[in-house]
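Good morning, everyone. Let me walk you through one structure. Please look at the screen.

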Amino acid sequence: MDNEVMVVTNPLVNVRITSSFSTFENRRRFNRGITIAELKGLLEINVGVPASCMDLEIFSTTNKFLQKMDNDDALFGSYPVDDECRIHVIDRSGGQASELFDSSKVEKFELPDDEYEKRTESVRSFLKKQNLGRYNEEEVSKKKAELNTREEQQKAAAEAISVGSRCKVEVPGQPTKLGTVMYVGTTEFKSGYWVGVNYDEPLGKHNGTVQGKQYFECQDKYGAFVKPLSVTVGDFPEEDYGLDEI
């Protein structure tokens, strides 16, 4: 008796559960004494795949494939299951289970705007009562006036900029850039006034073409559009970056 060694194994094991039709991973605790058939029955509730259409694979704690769990009569504990190992469920139902997770096939309820307007406990009703957001007429008018003033300033600045002028571009949060003005005016890609610049260095976003329309021509990654108030026109000679051979 003194020479006997007793190995005690925890009857419960914590495992990670993944499936072939979902990116979600969850954790469950199972008894090592249940059969694989019983395990599939429990997993059916967990992942939504019929037990009869389920194949199981076991992976190590480091996600290394170990083996298939294909004997329904075998005990769960007869396989190399340890805490944090992964049980992967493969759906053989032809994708029927995966449809449960496809929200695009769910019929959506839409409430007509006039019906929503009548509701007294909606978010819209609350905003109106509290004069918040777009229902605060004073604040909306103030912001609109500020935008109009800003746009007038942008227009005045644009009128003072000529194509061909050397310029300095200063955009908040970005390094100062030097370049040449290539375009001044409105655009189709966004409202308001814009200045197209050909930078001295490849610090731009395009070659003067935006959304299929060419506004000016330059090398790729040298062109950019900025707001007129970010542009200062002056004597900014192009720097010599030492790229030419002497």
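**Contacts and cores**

Start with L39. Leaving out residues up to four places away in sequence, L39 touches F30, I34, L56, M69 and F76. Keep in mind that this is a predicted model.

Now widen the view. How many residues does the largest nonpolar core have? The number is 22. L39 is among those with the most contacts inside this core, along with L43, L56, M69, F76 and I87. Which elements give two or more residues to the core? They are β1 (12-19), α1 (36-47), β3 and β5. Of these, α1 gives the most, with four residues. In general, nonpolar side chains tend to be buried together in soluble globular proteins.

Next, strand β3. Find residues 54-59. Is this strand mostly covered or mostly open? Mostly covered: five of its six residues are buried.

Now its partners. With strand β5, residues 85-91, β3 pairs in the antiparallel sense over six bridges. Look at F59: its bridge partner in β5 is R86. Then take strand β4, residues 65-68. Here too β3 pairs in the antiparallel sense, over three bridges. Which residue of β4 stands opposite E57? That is K68.

Last stop: the hairpin of β3 and β4. Five residues lie between the strands. In this hairpin, N63 takes a positive phi near 65 degrees.

That is the tour. Thank you.

Technical notes
Residues are numbered from 1 along each chain as its sequence is written. This is a predicted model: local features need pLDDT of at least 70, side-chain atom pairs count only at pLDDT 80 or more; totals for chains, interfaces and linings use all residues. Side-chain values use heavy atoms; hydrogens and water are left out. Buried means under 20% relative accessible area, exposed over 50%, partly exposed in between (1.4 Å probe, protein chains only). Two strands pair if DSSP finds at least two bridges between them. A nonpolar core is a set of buried Ala, Val, Leu, Ile, Met, Phe, Trp, Tyr and Cys residues joined through side-chain atoms within 4.5 Å. Contact means heavy atoms within 4.5 Å.
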